[in-house]
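Subject: Structure for your files

Hello,

Please find the structure below. My notes on it follow.

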Amino acid sequence: MASKDSPSLDLAPRVEHGSRAVRRLRRAGRVPGVIYGGGDDPISFEVDARILRNTLRDAHAVLEVKLEGGSTENVVVKDVQRHPVRGEILHADLLRVRMDVAIQAPVSIELLGADEAPGVVEGGVLSQEHREVTVEALPGDIPDGIQVDVSSLQINDTLLLSSVTPPAGVTFVDDPESVVIATVTPPTLEPVEDEIETETELVGDEADQAAAEAQAEGATSDDAASSSGGDTE
């Protein structure tokens with residue numbers, strides 16, 4: 001069984017299949033899905049879209065699901081398909097898990113103390129290179145997220161996963177020496193005021209020179225026209 005803090009989700013068996021049936025479900029405010037894995041046959045289900053959305057928002061790594069007329073099972077969310085524009089859930093894949101067998105799962109990374117980092121205070125730009133990492137642990141030990149303190153980062157510093165201590169019972173699957181969590185790059189230099197004034201003056205001088213050349217060409221044309229008229233007389 002999942003821990004007492006694990007959210008529970010009531011599911012209804014899905015009898016009808018096919019694209020038309022799926023469209024009818026979605027119009028009725030319900031989401032189709034499937035439970036698989038664990039050596040048992042896959043089970044198709046449907047669930048209220050609002051309840052599913054709220055459950056996933058508050059969920060930990062493990063969900064406890066109850067099927068009508070069936071038993072309670074522990075699952076993790078394997079995949080959620082969403083509408084590319086509206087963001088609503090279109091389909092959910094749930095994977096059965098045993099609470100005594102370790103699994104791998106992605107976990108989000110939250111940076112703490114970014115505004116206090118000396119590199120940021122001095123004008124550097126802090127970038128979060130990875131927003132999640134893959135961990136391995138018993139289902140009940142997988143954290144909702146991992147918080148990483150970056151308050152000591154200086155300009156040009158790079159924080160690797162190897163500098164992060166995983167929670168008890170949790171192992172990082174990704175290579176700690178190759179996964180970059182965050183970097184602080186130097187600020188982009190902006191033109192100083194003197195340089196801006198110099199560039200403005202150069203542009204002005206070029207414009208004045210062009211105007212003078214145009215005026216000189218005009219005067220030359222007039223002189224040529226006058227000379228030609230005098231010869232005709």
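Ile 142 counts as buried because its relative accessibility is 7% (buried means under 20% relative accessible area, exposed over 50%, and partly exposed in between, with a 1.4 Å probe and protein chains only). The model is a predicted one, in which local features need pLDDT of at least 70 and side-chain atom pairs count only at pLDDT 80 or more, while totals for chains, interfaces and linings use all residues. Residues are numbered from 1 along each chain as its sequence is written, and side-chain values use heavy atoms, with hydrogens and water left out.

Ile 142 sits in the loop between S9 and S10; helices (H or I, at least four residues) and strands (E, at least two) are DSSP runs, numbered from the N terminus. Leaving aside residues up to four places away in sequence, Ile 142 touches Ala 61, Ile 103, Ala 105, Val 107, Val 135 and Ala 137, where contact means heavy atoms within 4.5 Å. Pro 167 is 25 residues from Ile 142 along the chain, and their C-alpha atoms are 8.7 Å apart.

**The four-stranded sheet**

Strands S10, S7, S9 and S12 form an open sheet in the order S10-S7-S9-S12, and its pairing is mixed (two strands pair if DSSP finds at least two bridges between them). Strand S10 (145–149) and strand S12 (171–172) are at the edges with a single partner strand each, so one side of each has no neighbour in the sheet. Inside this sheet, S7 (residues 103–112) and S9 (residues 132–137) are antiparallel and joined by six bridges. One of the bridge pairs is Ser 108 with Glu 132 in S9.

**The three-stranded sheet**

A second open sheet runs S8-S13-S11, with antiparallel pairing. Its edges are strand S8 (125–128) and strand S11 (158–160); each has a single partner strand, so one side of each lacks a neighbour in the sheet. On average, neighbouring strands here are turned by 10 degrees against each other, direction ignored (axes are lines fitted to C-alpha atoms, for helices over the stretch in contact, and angles run from 0 to 180 degrees between N-to-C directions). S8 and S13 (residues 180–185) pair through four bridges, and Val 125 lies opposite Thr 185 in S13.

**The chain as a whole**

The protein chain holds four helices and 13 strands. Of its 233 residues, 28% count as buried. Among contacts in the chain with a separation of 6 or more, 65% are between residues 24 or more positions apart.

Regards
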